[in-house]
Structures are given as C-alpha cells and as structure tokens.
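Please look through the structure below before reading the report.

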Amino acid sequence: MQNLKGYATNIWVLNNMHIFYRICRGFMRAILFHKKTLKTIEIFPTLDCNLECSMCSVQKYKSVKRRQLATDDYARLASEGAKMGAIAVNILGGEPLLADNLREIISIFKRNHYFVLVVSNATLAKKECLRELKKCGLDAICFSLDSLDDAHNEGVRGSKGYVQRVLNAADVAKKEGLIVSLAPVFFPGKVEKGLEVVKYCQEHGFGASGTQVGAVGGWEGGNMLSSDEHEKIRNMLKEYPRFTLDWALSYSLKMCCPAGKEKVAVTTFGDVVGCSINPIAFGNIRNESLLTIWRRMGKFSQYKKDSPVCLSAEDYGFIQNYLKPLNDRSEYPLYYKDHPAITSDNEKDLFEEKEIEANITAK
C-alpha cells in the first residue's frame, strides 16, 4: 500500500496520460506476468562540477578522455527508452546546470513524454535559469542538501553558506512552478542529519528523497551505514509521506533495488550501468540499442534477484564481491566481461547470450 501511495501523491502521474499509461503497463507486467519494465533513466550530460563533494560517485569517470554523447544520441535514447516504458529521466552530473546542451536534452525527453528531473547543488539555480529550463520542459528540480547544519554541509561539499543557498533556490524554484525536492546523502553516524532535511521538507511542502552513501567514487573504502541505521531510514519512509527512495517504489509492490531492472544510468560517454552508484557497464548506446543492453543486464545474477535493499549501499556481499575490486582502478566504468567476479563459470547466461534482434518493442 505504501508503494501505491508513493505514486498517488505525485499528481504529475495523472497530468500526463502517456506516463499514466506506461505506469499502468509497468504494474500489469510486474503483477500479472512477473516481468520487469524500465521506469527511470539517469543521464550525466556533464561531469564538470563547481564543488568537490567528499562522496562524489562519478569522480572516477572524470579522468576518462572520450567523445561525449551528442544531441542525436540523446534523441535516440529518449525514443528507445519511451518505447520500453520509461517514465522519467533524472539529469545528474557533475553539476547539470553547467551542461551546454541541457536545454536541448530537456526538450528532447519532454517531447518523448518523460517526467524530467534535474538534480543540482543549487549554486547556479538562479530565477532566470530555472524559468528558462521550465519553458524547455523541466518538471522538477531536486537540490542536494545533507543537513540543515552549515558546518556539516561545508565538510561534505566544501561550500560555505550552502544551506541557505539551497533553501533560497528551493523557494525560487517553487515560485517558478517547478516540483521541488531536497535530497540528503545519509552518512554513517549522521543519519539524524539527513532526517533534519526530511522533516524540513515535510513541514514546508517540499518532496524529500536522497540516498544512502554508496561504496563507490569518493567513498570507496569508507565506512558504510549499519543495519540499525538502514532500518531507521526505512522507518522514516513510514513516518514521513513526502519522503521516498528509489528502492521503495517498484512495480512489483515491494521494496526492490531498481538497478539494471527498473532503472539504468547512461554516462556522458554512452556506457550503460545499473545506476549512478553502480559503475559496472553492460554496453554502450552508440554500439547497441538500449533494449539489447537492458536485456543483457537482466541476465546478471545480481540484477536477476529482487534485492530488497540498495545493492551499492546495503548489500554487503555485492559491495565486497563486485564494488571492492574497482577500488584499485583509476577509471570508471568497468565492463562486466573485465570484472574478476563476473565469469563464464558463474554467469553462464550472461556469457552464452545469442545476438538479440534490435527490435525496440519490449515484450
């Protein structure tokens, strides 16, 4: 029931009949036929950023010198994803407001009837900018905020006066007609800091999301949240209706990590990974269709299982076996065929796959 409420409280679901149809289809495929449906695409139009966050999940992508996706690539991605059932695009970074082609990208996904969300650090979120992005088709903006304590945020993001800057930007964005949410990263020993932000959102009419810190990027080798801290976050989901996390909303009506199933992430270079904190790649959209790559991801044992927890933040077996081997690498992503724990012996389905016809209609 909590899962359904998560959709029902988002009025945009009912305001866009294309999205409403795709959601109904996703539930039907999951409940009646036990099939997965892609729901969300994360993209990174730029890896440039004006802050240096201690837990940055994409810092190892930044050293890669490769050709970035062009407008035509994003147009093809949006079209293919829509036909597969995707309802939302989350535009991440880096800091996405630094992307020269952000307006074009927003317009492309809006023409394909996506709910378009930008995740920003708010430092560049001025009224004129937000107004222009809304005209391009932006539906919502999510500002990263880890606490209401300036000292804590400065320690994480290296920016003084960060809290008030975010809260001011949130008020401006709301006045401009955007759906606004705030998103903390939950750190070990400091879950209460994130709870401050969730409470603020509940009291001031903002959405609240966020993530548990993942064992990637700047947090490689860092301490992870305890079982008690993860449970405290689950209790927050029950207590605060405006608070949600991506693994708390699934078409299967249960908590489930969406990586490689209901969610994929596409890097600025076209590599397709499970999500923004899961840097194992299964293909590149320049070489194959998104559908082909997504089906391949579905053969990976860790995505086959319906994990009730975030793989990269709470599944300690996944962290040890699949993320820890990336710690010594200087660059992300690591392709599955090159991963020491993913072999033809233990992932036969993945390595014995036959060439799939590039028919973009998901069946």
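## A residue at the surface

Does I31 count as buried, partly exposed or exposed, and why? The model is predicted, and in it I31 has a relative accessibility of 41%. I31 therefore counts as partly exposed, because that class lies between buried, under 20%, and exposed, over 50%.

I31 is part of helix α3, which covers residues 17-33. Together with M28, L32, F33 and L253, I31 forms a nonpolar patch on the surface. The accessible area of these residues together is about 490 Å².

## The two faces of helix α6

Helix α6 runs over residues 127-136, and its buried residues are C129, L130 and L133. They cover an arc of only 95° around the axis, so they sit on the same side of α6. The exposed residues E128 and K135 are on the face of α6 turned away from the buried side.

The packing partners of the buried residues of α6 are α5 (102-111), β4 (140-144) and α8 (162-175). Just after α6 comes G137, which has a positive phi of about 125°.

## Confidence of the model

For the chain, the mean pLDDT is 92, and 93% of the residues reach 70 or more. Over residues 1-9, pLDDT stays under 50, and the model has 17 contacts beyond four places in sequence for them. The pLDDT is also below 50 over residues 355-363, a stretch with 23 contacts in the model beyond near neighbours in sequence.

Definitions and conventions
Residues are numbered from 1 along each chain as its sequence is written. This is a predicted model: local features need pLDDT of at least 70, side-chain atom pairs count only at pLDDT 80 or more; totals for chains, interfaces and linings use all residues. Side-chain values use heavy atoms; hydrogens and water are left out. Patches are made of residues with over 30% relative accessible area and no salt bridge: like charges are joined within 9 Å, nonpolar side chains (Val, Leu, Ile, Met, Phe, Trp, Tyr) within 5 Å. Accessible areas come from the Shrake-Rupley method with a 1.4 Å probe; for residues, only the protein chains shown count as cover. A salt bridge is a side-chain nitrogen of Lys or Arg within 4 Å of a carboxyl oxygen of Asp or Glu. Helices (H or I, at least four residues) and strands (E, at least two) are DSSP runs, numbered from the N terminus. Buried means under 20% relative accessible area, exposed over 50%, partly exposed in between (1.4 Å probe, protein chains only). The arc is that of the directions from the helix axis to the C-beta atoms. Contact means heavy atoms within 4.5 Å. pLDDT is the predictor's confidence in each residue, from 0 to 100.
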